[in-house]
Amino acid sequence: MTDKEIGKLTRKELIEMLLSATTENDRLREEIEKLNKELRIRKIAVENSGTMAEAALKLNRVFEAADAAAKQYLQNVKAKADAEARASSEETCEAEAEKAEKTEETAEEKPEEEPHGD
């Protein structure tokens, strides 16, 4: 609208135009505020996604280390169990050998009994 056209408007029309412009201005401010809020939320989401990715990588490294430690622990337990089994087996063999030696010694010490002829 030109200045001439505005000059021809009545006071009531000017007030209505002002009210309409003010209402539109308020609506646009609310929309801008809403869009800015959405933008902040998206920025936070983008920042957090980077942080979350970093945290996931760190957590993955922790799980890898825990997995390696668990595997090493299992290997140590198995090695210890194998060593104990071998030691037990050796002890059993030694005990059986000692028992056999004692049996032989006892057999050698006992004279053979002669049958009595009545």
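The following legends describe close-up views of a predicted protein model.

**Figure 1. Overall form of the predicted model.**
The protein has 118 residues, and 0% of them count as buried. Its secondary structure consists of two helices and zero strands. Helix α2 covers residues 11-109. The C-alpha trace spans about 165 × 30 × 10 Å along its principal axes. The radius of gyration of the protein is 49 Å, whereas a compact globule of 118 residues would have a value near 13 Å. The accessible surface comes to about 11,600 Å², and carbon and sulfur atoms account for 56% of this area.

N36 is located in helix α2. With a relative accessibility of 36%, N36 counts as partly exposed, because that class lies between the buried limit of under 20% and the exposed limit of over 50%. From the C-alpha atom of N36 to that of K78 the separation is 62 Å, and the two residues are 42 residues apart along the chain. The second pair is A69 and R29, which are 40 residues apart in sequence and have C-alpha atoms 59 Å apart in space. A69, too, is found in helix α2. The relative accessible area of A69 is 42%, so this residue is partly exposed.

**Figure 2. The salt bridge between R27 and E24.**
The count of salt bridges in the model comes to three, and one of them joins R27 to E24. The closest N and O atoms of this pair are 2.7 Å apart, which places them inside the limit of 4 Å that defines a salt bridge. R27 and E24 are three residues apart in helix α2, so about one helical turn separates them. R27 is partly exposed because its relative accessibility is 42%. E24 is likewise partly exposed, with a relative accessible area of 37%.

Which residues are linked in a network of salt bridges? The network consists of E24, R27 and E31.

**Figure 3. The salt bridge between D67 and K71.**
In another view, D67 forms a salt bridge with K71, and the closest N and O atoms are 3.4 Å apart. D67 and K71 are four residues apart in helix α2, so their separation is about one helical turn. The relative accessibility of D67 is 40%, which means that D67 counts as partly exposed. For K71 the relative accessibility is 49%, and this residue also counts as partly exposed, because the exposed class begins over 50%.

Which residues make the nonpolar surface patch? The patch is made by M1, I6, L14 and M17, and its area is about 360 Å². Among these residues, M17 has its place in helix α2. M17 has a relative accessible area of 38% and is therefore partly exposed.

**Figure 4. Charged side chains and a patch of negative charge.**
The protein has 20 positive and 30 negative side chains. The centres of the two sets lie 27 Å apart. On the surface, a patch of negative charge gathers E90, E91, E94, E98, E101, E104, E105 and E108. One of these residues, E101, has its place in helix α2. Is E101 buried or partly exposed? At a relative accessibility of 47%, E101 counts as partly exposed, because this value lies between the limits of 20% and 50%.

Methods. Residues numbered from 1 in each chain as written. Predicted model: local features only at pLDDT ≥ 70, side-chain atom pairs only at ≥ 80, totals over all residues. Heavy atoms only, no water. Patch = residues over 30% accessible without salt bridge, like charges linked within 9 Å, V, L, I, M, F, W, Y side chains within 5 Å. Areas by Shrake-Rupley, 256 points an atom, 1.4 Å probe, with all protein chains shown as cover. Buried < 20%, exposed > 50% of the residue type's maximum accessible area, 1.4 Å probe, protein only. Rg over C-alpha atoms; globule rule 2.2 N^0.38 Å. Lys, Arg positive; Asp, Glu negative; His and termini not counted. Charge placed at Lys NZ, Arg CZ, Asp CG, Glu CD.
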